[in-house]
Amino acid sequence: MINVTQPYLPPLEEFQEYLKKIWDSKWLTNNGKFHEEFEQKLSEYLGVKYVSLFANGTLALITALKVLNIKGEVITTPYSFVATAHSLLWNNIKPVFVDIENDYCNIDPEKIESAITPQTTAILPVHVYGNSCQTEKVQKIAKKNNLKVIYDAAHSFGVKQNGQSILNFGDLSILSFHATKIFTTFEGGAIVSHDAETKQKIDQLKNFGFMDEVTVIGTGINAKMSEFQSAFGLLSLKYIDKAIEKRKLISETYQSALANIKGISFLKSMKDVKHNYSYFPIFINQSEYGISRDKIYEKLKQNNIYCRRYFYPLISEFPAYNGLSSSPRENLPVAYKKAEQVLCLPIYPDLEIEQVQYICKIINKFSE
C-alpha cells in the first residue's frame, strides 16, 4: 500500500538516547531543557527571530488570534484544511471567504479589499502547498486598512523566497508539525513572532495565562509542547535537509513523467524560491484527460495507491460555513474549480522512484 504521505523517522536508537535523558531528569513538560533547546535551534534553522512551541498547529492558530486581540471578521481562504477557519470560530470570529488565484491556489489579493467591512480586523492567508502568498500586496492592503496579518504557514517549513524565510512576513506565522507534515514532532506546532514582547505574551497565553507562579494575566489555554515532542523535533532537525532532498527527487520524477499527459497540469513554478516539496498536487481537466478526478482517484485506490483530494470539499461547503454570505459558489469560482480538479499524489522520503514510476504508469494508462 502506498499512502499519500508517511513520516520520515530518525533512527530509533538515537531517539532512545533522548528518552534516557528524559527518564533521568523526570521533567516531562513545562519548558524543560529539550523544549528550550528546540526553540533556539528551530529559530536558527528557519531564520526567524522568535519561535513559540505548541502541542499542535490548531492551538497555535487559536492562540495567535487571541494574542493579537482579533475580533469581528477575518478575511481568509476557503481552500485550506478546515482548522484554518475553525480557529476563527473558536475565537467567536466570523470568517469571510474570498477566492483564490489560479497559479498557486493562494488567496487572491485582488479580491481582498472588496471584502473588507468596518468589522474586519485581520487577514488570514494560507501559504498553500508551501508556495508563498503575494505577501507584498497583502501587506499593502493590511497597512492601508489598519488590519493585522496572520499567515497559516502549516505547509511552509523551511521555505524561503529571495533568501528569506516566508515565515518573517505578517504579524505572526503559524507552523504545524503534525505527522503528515514534512517536519514532525508527532503532533506539534509553533508561532513565529518578531519581537520579544509578543513572544512573551504568546508563551503566557499557551500556559493558562500565567505571568509568574501566582499571577494570571489573561484567559490562557494549555497548549504547551512536551519534552518528548521537543526531543523528537531536535533529533529530526538533523535529518530534515536529507528528507527535503529526497522529496525534491520524487517531485522532479513526477514532473518529468506526467508533463506530456493531456488534461493534467501542475502549479506554476515560483521563482527565487527554496521549496520544501511538501505536496505534489496535479489538476485534472476531465474533458481533456478522459475521466474525472474522482474516477482516477478510485482507479489508483484499486491499485493500493492512496492519494488525497487536498482541498476538497472547500471549507465553505461544510455545514458550519455554508450559510455565510461569502460561501456561495458564485463568489468562489476559482476555488471551486481547483477543489474539483486537484489530486495530491504520494510524496515522502521513503517512497521509491520505482513506485513513483508505477503511479505515473497508471495515471498515463487512463489518459486518452
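Two strands are said to pair if DSSP finds at least two bridges between them, and strands themselves are DSSP runs of E with at least two residues, just as helices are runs of H or I with at least four, both numbered from the N terminus. The views below show a predicted model, in which local features need pLDDT of at least 70 and side-chain atom pairs count only at pLDDT 80 or more, while totals for chains, interfaces and linings use all residues. Residues are numbered from 1 along each chain as its sequence is written, and side-chain values use heavy atoms, with hydrogens and water left out.

**View 1. Strands β2 and β3 side by side.** Strand β2 (residues 73–76) pairs with β3 in the parallel sense over four bridges. Within this pairing, threonine 76 has phenylalanine 97 of β3 as its bridge partner.

**View 2. The open sheet of seven strands.** The strands follow the order β1-β9-β8-β5-β4-β2-β3, with mixed pairing. At the edges are β1 (50–54) and β3, each of which pairs on one side only.

**View 3. The surroundings of lysine 111.** Lysine 111 is placed in the loop between β3 (94–97) and β4 (120–124). Leaving aside neighbours within four places in sequence, lysine 111 is in contact (heavy atoms within 4.5 Å) with Val98 and Asp99. The C-alpha atoms of lysine 111 and valine 216, which are 105 residues apart along the chain, are separated by 41 Å.

**View 4. The loop that holds phenylalanine 210.** Phenylalanine 210 lies in the loop between α6 (196–205) and α7 (227–237). With a relative accessible area of 31%, phenylalanine 210 is partly exposed, a term for values between buried (under 20%) and exposed (over 50%), using a 1.4 Å probe and protein chains only.
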